[in-house]
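Let us walk through this model one region at a time. Keep the 3D view open and follow along.

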Amino acid sequence: MPAPGRVCPVAYRYRPEDLAEPPAFACTTLHVVGGLYGNPYALDAVLARAAAEPVPPEIVFNGDLHYLDVDADRFRAVEAGVRPHHAVQGNVEYALVAGDDSVGCGCDYPDYVPDAIVTNSNLVVERLRASSGPADTGVRDRLAALPRHLTVAVGDRRVGIVHGDPESLAGWRLALEALDPPDEEARARTGFTGPTTTADQVADWCRRAGVDALCCTHTGLPYAQVVPHAGRRSVVVNNGCAGLPNFAGSHVGVVTRLSADPQPPDDSLYGSTLDGLRVDALPVRYDHDRWWADFLRSWPSGSPAHDNYATRIQDGTWLTVEHAARDGVTLSRRSGCR
Ligand SMILES: [Fe+2]
């Protein structure tokens with residue numbers, strides 16, 4: 001029996017073909033937002049950026065809306081802000097409502113993630129589960145009813161949205177370190193041990209799901225990569241974390257913007273133009289000082305979330321936008337992300 005945090009419940013499993021459904025809705029511009037982690041200031045920044053679009057976009061939150069928001073007011077603020085928009089379930093939402101504490105945080109961590117990280121993550125979700133925010137019956141019903149995947153039409157292109165990968169809600173097959181061609185630094189820093197995910201595998205998922213773009217978030221480091229197949233091109237995007245820093249020496253979150261308008265947005269970090277679909281990573285410039293102060297109030301030094309996330313919140317990650325802009329993706333000339 002796998003340890004809590006390394007469990008993959010049967011309920012996580014689905015098939016790429018399950019995404020080959022009629023689109024849930026159609027839009028001109030779509031923002032995909034993952035890994036908010038209960039950061040209300042990142043939510044404010046996401047909604048403000050959406051409001052600045054010339055054509056109002058649709059927003060899909062692709063899971064882990066909650067995590068560090070053990071403060072009930074923060075939890076309720078995130079719920080209220082997300083509720084008018086679309087969402088798919090992340091492992092945190094699953095772990096909050098599944099009624100099965102043996103899943104721990106629900107992350108289904110692979111073997112190469114150290115036990116200390118897994119233990120701390122389990123403790124974070126245990127404390128969130130015991131807090132008053134998720135106790136509200138209406139909230140629990142809403143989180144339990146969230147779909148595990150969503151297919152959306154952007155113009156005449158189809159976008160598949162998941163939390164983990166096209167086979168599991170908390171799958172790791174689309175982690176930066178797993179994807180080919182290899183990012184050797186990502187593999188060295190994570191201690192990654194296979195199997196790797198080939199471009200052919202991604203193309204096969206896109207073909208079976210009938211999507212031109214595949215968006216995920218669970219593994220927390222953003223990237224975009226164009227995958228050619230059968231005379232066409234699809235793009236796989238990990239939208240990283242909206243509520244945590246994603247890059248070295250930077251405090252910005254990341255979201256993915258997909259649009260039928262081929263014009264890159266001014267704040268694009270990196271992106272690519274497919275036939276009829278423009279895809280960009282956008283920075284989420286949230287109020288770092290307020291988030292850090294809130295984080296310390298809930299998670300002081302010595303707490304499990306502090307051990308796992310304080311360094312990332314303060315200093316960012318090792319990743320640069322050059323690592324994130326993979327095959328077929330172009331860095332913006334204005335890609336400074338501080
Ligand atoms: Fe996750």
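Start with two helices: the crossing of α1 and α2 is left-handed. Helices (H or I, at least four residues) and strands (E, at least two) are DSSP runs, numbered from the N terminus. This is a predicted model: local features need pLDDT of at least 70, side-chain atom pairs count only at pLDDT 80 or more, and totals for chains, interfaces and linings use all residues. Residues are numbered from 1 along each chain as its sequence is written.

Helix α1 covers residues 40-51 and α2 covers residues 72-82. Their axes come within 9 Å and cross at roughly 20°. Axes are lines fitted to C-alpha atoms, for helices over the stretch in contact, and angles run from 0 to 180 degrees between N-to-C directions. The two helices, α1 and α2, are therefore roughly parallel to each other. The cut-offs are under 35 degrees for roughly parallel, over 145 for roughly antiparallel and 65 to 115 for roughly perpendicular, with the rest oblique.

Which residues of α1 and α2 meet? From α1 come P40, L43 and L47; from α2 come R74, A77, V78 and G81. By class, this contact of α1 with α2 has five nonpolar residues, one polar and one charged. Ala, Val, Leu, Ile, Met, Phe, Trp, Tyr, Cys and Pro count as nonpolar, Asp, Glu, Lys and Arg as charged, and the others, Gly among them, as polar. Contact requires C-beta atoms, placed from the backbone, within 7 Å.

Now turn to the sheets. Strands pair if DSSP finds at least two bridges between them.

T330 is partly exposed, with 16 other C-beta atoms within 10 Å. The scale runs as follows: 20 or more other C-beta atoms within 10 Å of a residue's own is buried, 12 or fewer is exposed, and in between is partly exposed. T330 touches Y270, G271, S272 and A325, leaving out residues up to four places away in sequence. T330 and G271 are 59 residues apart along the chain, yet their C-alpha atoms are separated by 5.4 Å.

The other open sheet has six strands, in the order β1-β5-β6-β7-β9-β8, and its pairing is mixed. Here β1 (26-27) and β8 (223-229) stand at the edges with a single partner strand each, so one side of each is left without a neighbour in the sheet. β8 and β9 (residues 232-238) run antiparallel, joined by seven bridges. V227 faces S234 in β9, and A224 stands opposite V237. On the β7 side, β9 pairs in the parallel sense over four bridges, with C215 opposite V237. β9 is mostly covered, with five of its seven residues buried. Helix α7 (residues 199-209) lies across β6 (157-162), β7 (213-216), β8 and β9, at about 75° to β8.

Finish with the backbone details. Most residues other than glycine have a negative phi, and most peptide bonds are trans. The hairpin of β8 and β9 has two residues between the strands, and A230 in the turn has a positive phi of about 45°. A230 is exposed, with 9 other C-beta atoms within 10 Å. D64 has a positive phi too, about 55°, and sits in the loop between β3 and α2. D64 counts as buried, with 28 C-beta neighbours inside 10 Å. A cis peptide bond joins D180 and P181, with omega about -5°. Another joins G194 and P195, with omega about 5°; P195 is in the loop between α6 and α7.

Terms used
Two residues are in contact if their C-beta atoms, placed from the backbone, lie within 7 Å. A crossing is left-handed if the near helix is turned anticlockwise from the far one by less than a right angle, and right-handed if clockwise.
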